[in-house]
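Work through the exercises below with the model open. Try each task before reading its solution.

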Amino acid sequence: MKRNLTVFSVFALFAAANAYAGDADSSATAGGGHGRNGDASATASYEGDVGFARTRARSGPISTARGVAVGVDQDGLSLSISNAIATHHGLALASTLNISIERDGDVAISRGVSRADGAADWSATAGGSSTTRHGAAAVAHAAGRSDPSGRVAARTWSQSRRDGERRVARKPVFLARK
């Protein structure tokens, strides 16, 4: 009985680890305020066979953050990169790029950008994820925050293409003359 429980536990752990195979995600946030140093933070993670995730953040008069996650597994490649920067003088920018390429040629790309400015308080954030689990997919999010006198603009894009949807160049048709 104990042996069966051990085998079942190992199988369950192995199945749970493979359930998240090929997922990469990252996010970055940077902000500032009038009369104070800014702040920055980043996250990154990769769940899969071979890959890595790294973050770097530095807070101060110019705050920067970066999160990178990339990896390859039996289903394909997943990549997620997010960056953010905020100055001491009222401007914050953030961007993200997420790409997944499945083994059979399916591709998904998502991007996002955010810009925030203000007189007293501002921050921008962007992030996203990509996966090759059950087909290539990528999502992005972007947002910002500002005081009432400031502005925030954020935009995301997403595109996917299945391998079978490739355009086929048509051969010219020549009509026979009589």
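Contact here means heavy atoms within 4.5 Å. The model is predicted: local features need pLDDT of at least 70, side-chain atom pairs count only at pLDDT 80 or more, and totals for chains, interfaces and linings use all residues. Residues are numbered from 1 along each chain as its sequence is written, and side-chain values use heavy atoms, with hydrogens and water left out.

**Exercise 1. Describe the surroundings of serine 78.**

Step 1. Locate the residue. Serine 78 sits in strand S5, residues 76-86. Strands are DSSP runs (E, at least two residues), numbered from the N terminus.

Step 2. Check its accessibility. Serine 78 has a relative accessible area of 0%, so it is buried. The classes are buried under 20% relative accessible area, exposed over 50% and partly exposed in between (1.4 Å probe, protein chains only).

Step 3. List its neighbours, leaving out residues up to four places away in sequence. Serine 78 touches, among others, Gly22, Asp23, Tyr46, Ile99, Ser130 and Thr132.

Step 4. Look for a polar partner. A polar atom of the serine 78 side chain lies 2.6 Å from the backbone oxygen of glycine 22.

**Exercise 2. Give the strand order of the open sheet that holds S1 and S2.**

Step 1. Start with S1 (residues 23-33) and S2 (residues 36-47). They pair in the antiparallel sense over ten bridges. Two strands count as paired if DSSP finds at least two bridges between them. Serine 27 faces threonine 43 in S2.

Step 2. Inspect the turn. S1 and S2 form a hairpin with two residues between them. In that turn, glycine 35 has a positive phi of about 80°.

Step 3. Go to the next pair. S1 and S8 run antiparallel and are joined by eleven bridges. Glycine 32 stands opposite tryptophan 122 in S8.

Step 4. Write the order. The four strands run S2-S1-S8-S9, with antiparallel pairing. S2 and S9 are at the edges with a single partner strand each, so one side of each has no neighbour in the sheet. From one strand to the next, the twist averages 5° (axes are lines fitted to C-alpha atoms; angles run from 0 to 180 degrees between N-to-C directions).

**Exercise 3. Which salt bridges does aspartate 117 form, one of them with arginine 151?**

Step 1. Apply the criterion. A salt bridge is a side-chain nitrogen of Lys or Arg within 4 Å of a carboxyl oxygen of Asp or Glu. The structure holds five.

Step 2. Take the arginine 115 partner. Its side chain meets that of aspartate 117 at 3.1 Å, N to O. Aspartate 117 is buried at 13% relative accessible area, and arginine 115 is partly exposed at 36%.

Step 3. Take the arginine 151 partner. The closest N and O atoms of aspartate 117 and arginine 151 are 3.4 Å apart. Aspartate 117 lies in S7 (residues 107-117) and arginine 151 in S10 (residues 151-161), so the pair ties together parts 34 residues apart in sequence. Arginine 151 is exposed, at 55%.

**Exercise 4. Trace the salt-bridge network that includes aspartate 121.**

Step 1. Find the pair. The side chains of aspartate 121 and arginine 145 meet at 2.2 Å, N to O. Aspartate 121 is in S8 and arginine 145 in S9, so the pair links parts 24 residues apart in sequence.

Step 2. Shared partners join Arg36, Asp121 and Arg145 into one network.

Step 3. Check accessibility. Aspartate 121 is partly exposed at 23%. Arginine 145 is also partly exposed, at 40%.

Conventions. A polar contact is a pair of N or O atoms within 3.5 Å; within protein, one must be able to donate a hydrogen and the other to accept it, and residues adjacent in sequence count only if both atoms are side-chain atoms.
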